[in-house]
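Hi,

Here is the structure I said I would pass on. Have a look at it first, and my notes follow below.

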Amino acid sequence: MRLLKVATCNLNQWAMDFDTNLRNIKESISRAKKVGATLRIGPELEITGYGCEDHFLEQDTVTHAWECLKDILLGDWTENILCSIGMPIIHEGVRYNCQVFCLNRRILMIRPKMSLANDGNYREFRWFSAWTFKDKLIEFQLPSCVSESISQQSAPFGYGYIQLLDSSVAAETCEELFTANAPRIALALNGVEIFTNASGSHHQLRKLNLRMDAIKNATRFCGGVYMYSNHQGCDSGRLYYDGCSCIAVNGDIVAQGSQFSLKDVEVSTAIVDLDAVSSYRGSISSFREQASHQAHAPSIKAQYKLCQSFNLQMVPCSPLEIRYHCPEEEIALGPSCWLWDYLRRSGASGFLLPLSGGADSSSVAAIVGCMCQLVIKDIQDGDDQVKADALRIGHYKNGEFPTDSKEFAKRIFYTIYMGTENSSEATRSRARRLADEIGSWHLNADIDSVVSALLSLFQNLTGRCPCYKVDGGSNTENLALQNIQARVRMVLAFMLASLLPWVHNKPGFFLVLGSSNVDEGLRGYLTKYDCSSADINPIGSISKQDLRSFLRWAALHLHYSSLAEVEAAPPTAELEPIRSNYNQLDEVDMGMTYEELSIYGRLRKIFRCGPVSMFQNLCHKWCGKLTPSEVAEKVKHFFKYYSINRHKMTVLTPSYHAESYSPEDNRYDLRQFLYNSRWPYQFRKIDELVNEVADERAANLPELEQQDSDIMSGCGSGTGVVAAGSSNPNAGL
């Protein structure tokens with residue numbers, strides 16, 4: 001047997017914070033060595049952090065990465081352990097995303113990334129170039145500050161693998177796991193047994209199974225050991241990297257790290273048997289035949305052993321069942337961890353949330369409550385870093401520390417209900433009860449006086465006084481009166497976030513939390529610069545349907561029972577007067593249901609449908625429910641308001657990315673914001689298709705009527721067809 005202990009890790013890195021990143025890297029190596037691992041893999045670009053974006057274009061970023069690597073090499077961190085460390089490297093004026101293999105204070109090999117991620121949230125081609133040469137390894141001249149310190153002038157650079165005395169190791173980087181012609185295929189056929197993958201993969205609802213399937217399949221067909229490492233946390237922006245580092249052997253997962261965690265460093269290890277890899281490959285005849293004539297890949301030799309022989313103290317790990325969270329748990333845990341990272345790194349003293357008693361703001365409040373529960377749990381589990389952050393943010397003194405999530409929430413979470421004459425007692429009561437359950441410092445404010453003051457100013461300026469639609473006003477007046485209320489709330493929220501810490505003799509400021517969901521953003525059903533305008537928004541790319549499921553789950557599992565009542569209430573903005581014969585409802589205002597909005601969003605973004613192809617798809621999907629002309633009207637209605645309101649996406653509050661049809665304009669969904677909202681050409685094409693269907697049906701109508709007549713006559717002659725509306729349950733049998 002060739003037994004080998006390997007280690008992979010989740011690291012909570014912070015873009016451009018080299019001190020924090022270096023400390024986490026060293027801690028992960030130290031933990032791996034402590035348990036006897038001889039091979040350690042870290043996440044992609046772990047020295048700099050993955051989210052540096054245009055900072056990668058700065059020479060300083062690359063220089064500092066080399067300085068950090070030199071720090072690692074000068075210590076004993078790489079003694080008797082092969083480490084793969086991620087960093088940017090410039091070679092002949094070209095910047096590459098690289099994995100650097102280090103052992104015993106030497107650089108064995110530098111592997112540049114060959115397939116760059118350049119879609120969705122990723123823009124790697126903006127900063128890096130892909131390495132395209134597979135026929136050779138070149139000699140890379142190390143920077144003088146490094147070469148002089150470690151007495152090594154150069155290192156092999158390019159595609160290839162490391163041949164040790166008892167094993168062979170090669171690297172993939174993130175996107176290469178998912179490519180059709182993955183580098184590991186040719187390398188496996190060359191006999192490489194261990195593959196490392198340094199990744200920077202973000203969380204998305206219901207996505208983890210796709211990643212885990214890819215990792216399992218990476219070794220199911222070619223055999224081998226696959227070590228996957230990922231970032232975990234908010235390293236600088238909208239994405240939450242969801243960890244789940246793991247180790248696979250011959251198609252089975254044998255070690256798996258957490259997907260969501262407040263920890264800065266988490267190391268997962270496994271004992272693997274490389275002879276089992278050889279046996280597995282030898283049992284597949286097609287693999288043997290392809291390997292027998294595979295072209296040789298470049299390699300370098302290292303006179304070092306990683307493995308141990310048969311040892312009763314080293315038992316190879318058995319396959320385990322992969323742990324998956326349900327979508328409701330993902331909504332609770334992912335944004336909670338993202339908020340904690342943002343809070344502790346921003347210098348803020350807490351959060352302020354305008355809490356309306358509706359589904360969206362209540363979801364955000366529950367997520368903050370979940371964050372407080374996670375903090376208390378980790379403190380009880382002995383996490384010193386979480387405890388230190390909590391003490392600093394909560395301003396604990398004299399040896400005190402948080403032991404209860406409600407008490408902690410009272411220190412760092414403020415909620416405010418900003419009611420008007422249009423608000424109901426039901427929403428006011430729900431907001432108050434939820435705040436009590438979570439433990440937030442809750443305020444109740446009536447803002448009618450501020451709204452009235454603005455209306456008086458307007459009347460003095462113009463001599464006109466707008467009215468609501470229910471009181472005889474126009475749509476223009478009605479919309480303006482709603483927007484005044486919404487924007488007053490935004491101004492008051494930011495004022496309170498700035499001054500409440502001062503009122504309570506606390507340093508710092510509070511971050512204002514937004515609470516608009518992805519469907520409202522897509523439709524534009526929000527006031528520009530209202531309470532959707534905030535510092536950050538943890539639910540900005542989560543659908544209304546998923547949020548309602550989350551509320552039902554959270555009422556039970558987070559023990560916030562009032563959320564069940566929130567979920568059961570019909571969604572309403574409460575910006576218009578309540579009358580005995582009128583009550584404002586979101587779906588009526590929008591002219592579409594939230595379920596329909598989710599469908600439109602997925603077709604528009606995921607399936608890349610314009611108006612015409614969306615109409616065609618929905619004609620099939622809703623066949624038997626709606627006529628083509630009714631489908632056409634719904635599609636036109638959606639695209640009209642989507643395009644009218646697209647400009648709102650340019651100022652959308654930075655939101656946690658969780659959904660694949662997010663309309664977020666910063667990097668994910670790049671589109672114009674000035675449209676011809678009449679879509680004359682596209683809508684005309686839809687009308688032509690509707691007319692074609694109608695003409696075709698009219699032409700076939702005599703034939704259809706004849707078929708109906710034949711069916712009806714057949715029913716009377718015992719043909720076995722049941723007549724429509726027959727009162728005899730046995731008719732035709």
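**What I found**

Phenylalanine 408 has a relative accessible area of 0%, so it is buried (buried means under 20% relative accessible area, exposed over 50%, partly exposed in between, with a 1.4 Å probe and protein chains only). Before I go on: this is a predicted model, in which local features need pLDDT of at least 70, side-chain atom pairs count only at pLDDT 80 or more, and totals for chains, interfaces and linings use all residues. Residues are numbered from 1 along each chain as its sequence is written, and side-chain values use heavy atoms, with hydrogens and water left out.

Back to phenylalanine 408, which sits in helix 11 (residues 405-412). Helices (H or I, at least four residues) and strands (E, at least two) are DSSP runs, numbered from the N terminus. What does phenylalanine 408 touch, leaving aside its neighbours within four places in sequence? The list is Trp340, Cys372, Val375, Ile376, Ala390, Tyr396 and Pro402, where contact means heavy atoms within 4.5 Å. Asparagine 398 is 10 residues away along the chain, and its C-alpha lies 16 Å from that of phenylalanine 408.

The loop between helix 10 (384-394) and helix 11 holds histidine 395. Histidine 395 is not a glycine, yet its phi is positive, at about 55°. With a relative accessible area of 26%, histidine 395 is partly exposed.

Asparagine 104 also has a positive phi, near 50°, and is a residue other than glycine. You will find asparagine 104 in the loop between strand 4 (94-103) and strand 5 (106-112). Its relative accessible area is 27%, so asparagine 104 counts as partly exposed.

On the surface, leucine 461 is exposed, because its relative accessibility is 67%. Leucine 461 belongs to helix 13 (residues 448-462). Together with Val450, Leu454 and Leu457, Leu461 forms a nonpolar surface patch with about 380 Å² of accessible area in total. Patches take residues with over 30% relative accessible area and no salt bridge, joining like charges within 9 Å and nonpolar side chains (Val, Leu, Ile, Met, Phe, Trp, Tyr) within 5 Å. A salt bridge is a side-chain nitrogen of Lys or Arg within 4 Å of a carboxyl oxygen of Asp or Glu. Areas are Shrake-Rupley values with a 1.4 Å probe; for residues, only the protein chains shown count as cover.

As for the whole chain, 56% of its 733 residues are buried. The chain has 22 helices and 20 strands, and its C-alpha atoms fill a box of roughly 85 × 85 × 50 Å along the principal axes.

Cheers
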